[in-house]
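Subject: Salt bridges in the model

Hi,

Here is the structure I said I'd pass on. Have a look, and my notes on charged pairs follow below.

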Amino acid sequence: MTPRLACLAALALGATILTACGAEETTASGAAGTDAITVENCGEKVTVDEPLTELYAYDGGIISIALAAGARDELVAVTGLARDKQLLELAYPQDRVDELRVVGEDQPTLETVLAVKPQMMFAGWGYGFDESRNLLPETLHEQDIATYLLSETCRQEDGDRGTMDAWTALRTDLLNIGELTGHRETAEKVVTDIEERREALESAPNPAKEPTAFLFDSGTDAIFTSGSFGGPQAIFDTAGVTNATGDVEDTWTEVGWERIAAANPDVIYFVDYPGQSYEEKVKVLKSNPASRDLPAVKENRFVNLPYAMWVSGPLNIDAAEWVRRSLEHFGIVPDSGIEPTLDITDLTNLDGNEWLR
């Protein structure tokens, strides 16, 4: 096994604090001292001399990781909060989400990050870091800004994203961000809570034949969905449903319309995300020849959940509880007696969810 693969194997087994993987190292400030904190991130070591006090985060899922890990006071700035603000205020009422400093537009730019000048930027490939916009980890390193990559977006050798299963990626990020910001115990409590709720869901009674779910993020000519390394895979696995695109070894990706036709899913799940409304998604499904005659489409078995519940983050466990609830509502799986921990029924930006009212 190569050193890189050995590191990834250790990471997949749950290791978060590694000191000898032979990987490139980035630091938040100069040479590491004896009290330095080192974590493993996408096959590389990230070191800070002492717990971070200035963390900049992009995207609702990534912001939720920082909040859950106890790093609210270390979040000096965020970008991409607007679409998930209501959900995060509901999930983290004690964390003054409405007082977070929001900078930039929907996506960060190099200029935005340099204006904030944080000790570290927490983002990911396709979640802030992007070659086309010249916002890259190495560019920030040249400006003495350390970076931490969302583990869901760690790159494979061919450039696709995903090197570990989604629950391992989430656990890794929660513990690493907790460690880097001096809140390890808080992060460990969150991880324990997630594991206990996972165990309850995975122990729930299931039918003889596992139902199938299809995640429809958006689509017209093709469908944007999620493969085996994305947060939805973890959600569906835990809720007791087969991910129709689980054979695609990537995180978020496009597939052809023939995939939804072949899957004939029991329920179609939507990502509540700007660009294509709930009504528009239903309309395209009811008009496309590949999907219009599917029983799930004809019977309106649609479930719309917020973006930050689908992308990698601690709210994945809440999504799993709501997926299970939806399957029970449609009579597809037996009643489990499990009540979702986070009550999202009053979220005003979720259209089409009459089933959960």
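A quick definition to start: a salt bridge here is a side-chain nitrogen of Lys or Arg within 4 Å of a carboxyl oxygen of Asp or Glu. This is a predicted model, where local features need pLDDT of at least 70 and side-chain atom pairs count only at pLDDT 80 or more, while totals for chains, interfaces and linings use all residues. Residues are numbered from 1 along each chain as its sequence is written, and side-chain values use heavy atoms, leaving out hydrogens and water.

Searching the whole structure turned up 16 salt bridges. One of them joins the side chains of Glu 99 and Arg 96, at 3.5 Å from N to O. On accessibility, buried means under 20% relative accessible area, exposed over 50%, and partly exposed in between (1.4 Å probe, protein chains only). Glu 99 is exposed at 53%, and Arg 96 is partly exposed at 33%.

Arg 259 and Asp 247 also pair up, with 2.7 Å from N to O. Arg 259 sits in helix 9 (residues 257-263) and Asp 247 in the loop between strand 12 (242-243) and strand 13 (252-255), so this pair ties together parts twelve residues apart in sequence. (Helices are DSSP runs of H or I, at least four residues, and strands are runs of E, at least two, numbered from the N terminus.) Arg 259 is partly exposed at 23%, whereas Asp 247 is exposed at 54%.

Then there's Glu 299 with Arg 301, their closest N and O atoms 2.7 Å apart; Arg 301 is buried, at 13%. Finally, a network of salt bridges links Asp 193, Arg 197, Asp 318 and Glu 321.

Cheers
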